[in-house]
Amino acid sequence: MKHFIFSIEFIFGLYCLLLLIVYMMLFRMSSISIKKNLRKRNSRRIQTLLESEIAPGVSIVAPAYNESVTIVNNVRSLMTLFYPRYEVVIVNDGSKDDTLQKLIQEFDLVEVDFLVDYMVPCKEIKAIYKSRDISHKRLTIVDKVNGGSKADAVNAGINVASFPYILNTDVDCVLANDTLVHLMEAVLDAKERVIAVGATLRMSNSSYVDSGMLVEAALPKPILARFQEMEYIRSYLLGKMGWNYLNCIPNVSGGLGLFDKEILIAAGGYDSQSLGEDMEMVTRMCMTMCENDEKYEVKYIPQTLCWTEGPDSLKMLTRQRIRWARGLMQIIRSHRKAFLNPKYKRFGLIVFPYNAIFEFLAPIMEILGIFFYVYLILTNGINWQMAILLLVFVYMFSIFLTSFSILLDNYVYKYYKRRQDIVRLCLTAFIEPFLYHPIIVYSSIKGYVQELFGKKHAWGEMKRKGTLSPLPSDGTKK
Amino acid sequence: MIRSFFEGDGWPMIVWIALVLSFMFWTACLIGICIFYYRDYRYRSHYTRIYPVLRDFIYEHVLIANTFNHFPIEKLSLDLDKRIVRKVVRQILHEFIFTIGGEKGRSMRNLFNEMGFDKEAQYEIRHSAKHVLATVRSLSDLALMQVNIQDDILKQLLGSPRVEIRVAAYKYLVQVEGEQAFDRIFAGIYGISELDALDIYQSIVLTDYVGAYRFSQWLDDSKTCAVNSLYMDLMVYYQQLDEEELWKLIMARKELRTVQKAINALGKLLARASEDQLQCLFHKEQDLNLKIEIIKAIGRLGQGKSIDLLETIFKDKNSVLVLRKHAYRSLIAQKPYSTSCLRKLDNEVESDDDKLIRYINHPMVHYF
């Protein structure tokens, strides 16, 4: 029995040690990566790409489902991006409300004849609309039969898109004006072919937005949204920028991602059955490149280019995280052949094993660890002095990592103009492990169980609160 | 000894050290955040103080009094020895220099030099190995002020292992020496990305150079796609057709994207003698992107020699839709030679093809 307990202790200890090493590596690599990115960014005028008539074209694909409240402002926001060559493809995924009517009315749309090449699978496209107003010549509206998933709608957009690069975003996201410039700079500045680029996302819940453009970023007031803001900063600036250094980025967020259309189509487009369609897509794109023995890069840039409305109720948050957990489990299961497979190079040897061991298994290890802890307490087999010391260390280490991410965020750009926002964010790091982290672990475990028993996933609707509505004309803040 | 260490107080000691280190790092992070905010605050407060003073000075001396040089800088009473003050002044002057052109712009540049920024920039470029950003910024300043740099320093910068410095040096040469520097730039250009190529391209086309220089002489299949693309983009911009060099690149087939670009250039430069070769290449070619480029190029040439080929592609139901789309577009571009063919197609086509034709011809559809 003693040997058995020792073995379990050893497994947990080794797991924690490895995780600690990974975090320390990310700490170092993200610093280098961000520094390098900023050096490159500052050594070049942003106007270079902006003024160039030979810049590669980008198609922005944004699916919309029952987005009537915010659709007009959001489309306007997408139409005002700074870039010489781009089009905006809005996919109305069979909305039940008046999303399409609002668009038709606002942008003076008419139906045009079309013939679509279904290069990637999607439900039937019913109509394509273009604007009579020449100032909206960039806009294309695709009306399609509801496919039951975002993936299906994005695939429809890909089929209609004209340019070699696809920017996938959600229609409710507010993008920075220079989003396309920054993302395309990353594509054009790489040594190898860049198949996907992502950037930092954060919460728009309490930010001030006028005519679809961000006026001032502010820390979300609802505590759940604030936790997510902190989690996003940590995950993007520490995690993804760290992996960026090794060209080992596991995922490009569905909220904002630029993709090479050719590879996107070659990989078969988004999988409408997947619950983690963004990560699954990147996984398949990487595997396609490896199978064809082609070199590639997946890149991340540290600038925040996208603000999205995060779930601010417990119900919506858990539903979102359950979906993510199920999506991750599906990916691990369906692409298991890549696990430690040298054919898939760094994807098979680093990215996939990391996802499987430290992303997928982490909640399970945590729950098992708690049970084991309780067992040791009950059997009086615990060394209290050491246990408390370890707990304090883990707590301190997690606060340090969060604070470091906030520091990196400030190094990139000071998004919060008010000092109290940054103080509040730093203080949130102290309560996150007790209040927010258990919710995430619970949602993940619940997601795994649901996936294991094959429970049907209901997508549900996220109610838009219209926090992105414009300011009153006198300019006073809400 | 190691075993006894871990069996004794070893583990708690390691955890204690890790805990103390975490605490120290956390404190350092907080201090770092405070420093960033303080620096930002300091910059903004200096900016708010200096901007009105400097703006009034520029209005009074450059715009109203037409002073060309020997500005009474001492009247500004700015402590230019302070780094932050220099940074702010430099920023404000840049803003004005970019908005004021002509004679006044030259006066602005003199003001910039008289404040000692040219000397500072010259100093920075001598220490390029340490400060990449400072060097790049200084080179850009010197280019803006049209200040000459000593040749040995320039040689050193052009040979720098840092690509950012090399590109800044190329851009400096373009802006200061213009056409005379082309040989020097293109002979030594290497290791640049597509974005760097675009940067250099923009620098060249934004000068008043009109384009008698033969860029095609530098095309070489051993060079990277980015470098060859730069030459081809310049050839297209200055309308310099050199079919022989472009075909050499195409036939070498080192990089698919270079070949694509070369075919694109042939079309844009109206290489009329190349149409037959393009047709042959189309039949041999397997890659879809290349085929599309060939069809687009044929369309641009618009000589009416390839109407049969384009018609066949359009009629081929097994062909990819995008290829058929471009074939029809190219047929339209072949007017008036293709008028009868287009009329025939309009009358013959089935409902699906009719939809395709109407889509392509639709006045509101701008991108394909």
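A residue is buried if 20 or more other C-beta atoms lie within 10 Å of its own, exposed if 12 or fewer, and partly exposed in between, with the C-beta atoms placed from the backbone. Take B:Cys341 as a test case. Is B:Cys341 buried, exposed or partly exposed? B:Cys341 has 18 C-beta neighbours inside 10 Å, so it counts as partly exposed.

The model is predicted: local features need pLDDT of at least 70, side-chain atom pairs count only at pLDDT 80 or more, and totals for chains, interfaces and linings use all residues. Residues are numbered from 1 along each chain as its sequence is written, while chains are lettered from A and ligands numbered from 1 in the order in which they are written.

Stay with B:Cys341 for a moment. B:Cys341 is found in helix α18 (residues 339–348) of chain B. Helices (H or I, at least four residues) and strands (E, at least two) are DSSP runs, numbered from the N terminus. Which residues does B:Cys341 touch, leaving aside its neighbours within four places in sequence? They are B:Ile307, B:Glu311 and B:Leu331. Here, two residues are in contact if their C-beta atoms, placed from the backbone, lie within 7 Å. B:Asp221 is another story. B:Asp221 and B:Cys341 are 120 residues apart along the chain, and their C-alpha atoms are separated by 39 Å.

Now step back to chain A. Chain A has 15 helices and 12 strands. The radius of gyration of chain A is 23 Å, close to the 23 Å that the globule rule gives for 478 residues, so chain A is as compact as a globular protein of that length. That radius is taken over C-alpha atoms, and the rule is 2.2 Å times the number of residues to the power 0.38. Along the principal axes, the C-alpha atoms of chain A fill a box of roughly 80 × 55 × 45 Å. Of its 478 residues, 46% count as buried. Look also at contacts in chain A with a separation of 6 or more: residues 24 or more positions apart account for 80% of them.

Some strands of chain A pair up. Two strands pair if DSSP finds at least two bridges between them. Strand β3 (residues 109–112) and strand β4 (residues 125–131) of chain A pair in the antiparallel sense over four bridges. In β4(A), A:Tyr129 stands opposite A:Glu111. β4(A) also pairs with strand β5 (residues 139–144) of chain A, again antiparallel, over five bridges. There, A:Ile125 stands opposite A:Lys144 in β5(A).

Chain B is built from helices: it has 19 of them and zero strands. The radius of gyration of chain B is 30 Å, well over the 21 Å that the globule rule gives for 368 residues, so chain B is more spread out than a compact globule. Its C-alpha trace spans about 85 × 80 × 45 Å along the principal axes. Of the 368 residues of chain B, 32% count as buried.

Chain B is divided into domain 1 (1–115), domain 2 (214–269) and domain 3 (277–368). These bounds come from an automatic or database domain assignment. The C-alpha centres of domain 2 and domain 3 of chain B lie 24 Å apart. Their contact takes nine residues from domain 2 and 10 residues from domain 3 of chain B. Which helix gives the most to the domain 2 side? Helix α13 (residues 256–268) of chain B does, with eight residues.

Next, find helix α12 (residues 243–252) of chain B. Its buried residues are B:Glu245, B:Leu246, B:Leu249 and B:Ile250. Seen down the axis of α12(B), these buried residues fall within an arc of 140°, so they line one face of the helix. The arc is that of the directions from the helix axis to the C-beta atoms. The buried residues of α12(B) pack against α11 (225–237) and α13 of chain B. On the other side of α12(B), B:Glu244 and B:Met251 are exposed. Just after α12(B), B:Arg253 takes a positive phi of about 50°.

Finally, see where the chains meet. 41 residues of chain B are in contact with 45 residues of chain A. The largest share of the chain B side, 17 residues, comes from α2(B). That side divides into 27 nonpolar, six polar and eight charged residues. Ala, Val, Leu, Ile, Met, Phe, Trp, Tyr, Cys and Pro count as nonpolar, Asp, Glu, Lys and Arg as charged, and the others, Gly among them, as polar.
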